[in-house]
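Reader: I am new to this structure and would like to know the grounds for the terms used to describe it. Please show it first.

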Amino acid sequence: MAERPLLKLTSIVLDAPSAQDLAAFYERLLGWSRHEDESDWVVLAPPDGGTWLAFQDEPAYVRPVWPAGPGDPPMMTHLDIKVDDLEAASAYGRPPVLPLSVTGDRLSGSAS
């Protein structure tokens, strides 16, 4: 068997109706800087290196519903972000950037 070539996960890409809007939310929330910045494509890089978070415009994007009911578009991917104070993190992530709500021990948001 051939030797496995170097394979490295470099980024996670999220589709959105507006890459710029969703990237702006995560840029503010995480404090990451823009590595690439096009009208329909944005890449955020963590300050200490590691996997990037990218966003791309998807004109046919359909917002998922969580928890999904019968016929609802389910989430395909989600990001787990650890916080030390859920209420403070929820308040920090509130509008004008993106509406958030706290449900139990979960912080959920949606991009329109």
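Reader: Why is Tyr-26 called buried?

Author: Buried means under 20% relative accessible area, exposed means over 50%, and partly exposed lies in between (1.4 Å probe, protein chains only). Tyr-26 has a relative accessible area of 15%, so Tyr-26 is buried. This is a predicted model, in which local features need pLDDT of at least 70 and side-chain atom pairs count only at pLDDT 80 or more, while totals for chains, interfaces and linings use all residues. Residues are numbered from 1 along each chain as its sequence is written, and side-chain values use heavy atoms, with hydrogens and water left out.

Reader: What makes the rings of Tyr-26 and Phe-55 a stacked pair?

Author: Rings of Phe, Tyr and Trp (its six-membered ring) pair if their centres lie within 6.5 Å; planes under 30 degrees apart count as stacked, over 60 as edge-to-face and the rest as tilted. For Tyr-26 and Phe-55 the centres are 5.8 Å apart and the planes are at 20°, so the pair is stacked.

Reader: Which parts of the chain does this pair of Tyr-26 and Phe-55 tie together?

Author: Helices (H or I, at least four residues) and strands (E, at least two) are DSSP runs, numbered from the N terminus. Tyr-26 lies in helix H1 and Phe-55 in strand E4 (residues 52-57), so the pair ties together parts that are 29 residues apart in sequence. Phe-55 counts as buried because its relative accessibility is 0%.

Reader: How many aromatic pairs does the structure hold?

Author: The structure holds two aromatic pairs. Phe-25 and Tyr-26 also form a pair, with 4.9 Å centre to centre and 75° between the planes, which is edge-to-face. Phe-25, Tyr-26 and Phe-55 form one aromatic cluster.

Reader: What is known about the burial and surroundings of Phe-25?

Author: Phe-25 counts as buried because its relative accessibility is 5%. Phe-25 lies in helix H1. The C-alpha atoms of Phe-25 and Gly-93 are separated by 7.9 Å, and the two residues are 68 residues apart along the chain.

Reader: How do you know that the buried residues of H1 are on the same side?

Author: The buried residues of H1 are Ala-19, Leu-22, Ala-23, Phe-25 and Tyr-26. They cover an arc of only 155° around the axis, which puts them on the same side of H1. The arc is that of the directions from the helix axis to the C-beta atoms.

Reader: How does the reach of H1 compare with the expected span?

Author: The expected span of a helix is 1.5 Å times one less than its number of residues. H1 (residues 19-30) has 12 residues and reaches 16 Å from its first C-alpha to its last, close to the 16 Å expected. Gly-31, with a positive phi near 75°, follows H1.

Reader: How do you know that the charged end of Arg-28 sits over the ring of Tyr-92?

Author: A charge sits over a ring if NZ of Lys or CZ of Arg is within 6 Å of the ring centre and within 35 degrees of the ring normal. The charged end of Arg-28 is 4.4 Å from the centre of the Tyr-92 ring and sits over that ring.

Reader: Why do Pro-47 and Met-76 count as exposed?

Author: Pro-47 counts as exposed because its relative accessibility is 72%. Pro-47 is in the loop between strand E3 (41-45) and E4. Met-76 counts as exposed because its relative accessibility is 76%. Met-76 is in the loop between E4 and H2.

Reader: Which peptide bond is cis?

Author: The bond from Trp-66 to Pro-67 is cis, with omega near -10°. Pro-67 is found in the loop between E4 and helix H2 (86-92).

Reader: Where does pLDDT stay under 50?

Author: pLDDT is the predictor's confidence in each residue, from 0 to 100. It stays under 50 over residues 97-112. Where pLDDT is low, the predicted coordinates should not be read in detail. The protein averages a pLDDT of 84, and 84% of the residues score at least 70.

Technical notes:
Contact means heavy atoms within 4.5 Å.
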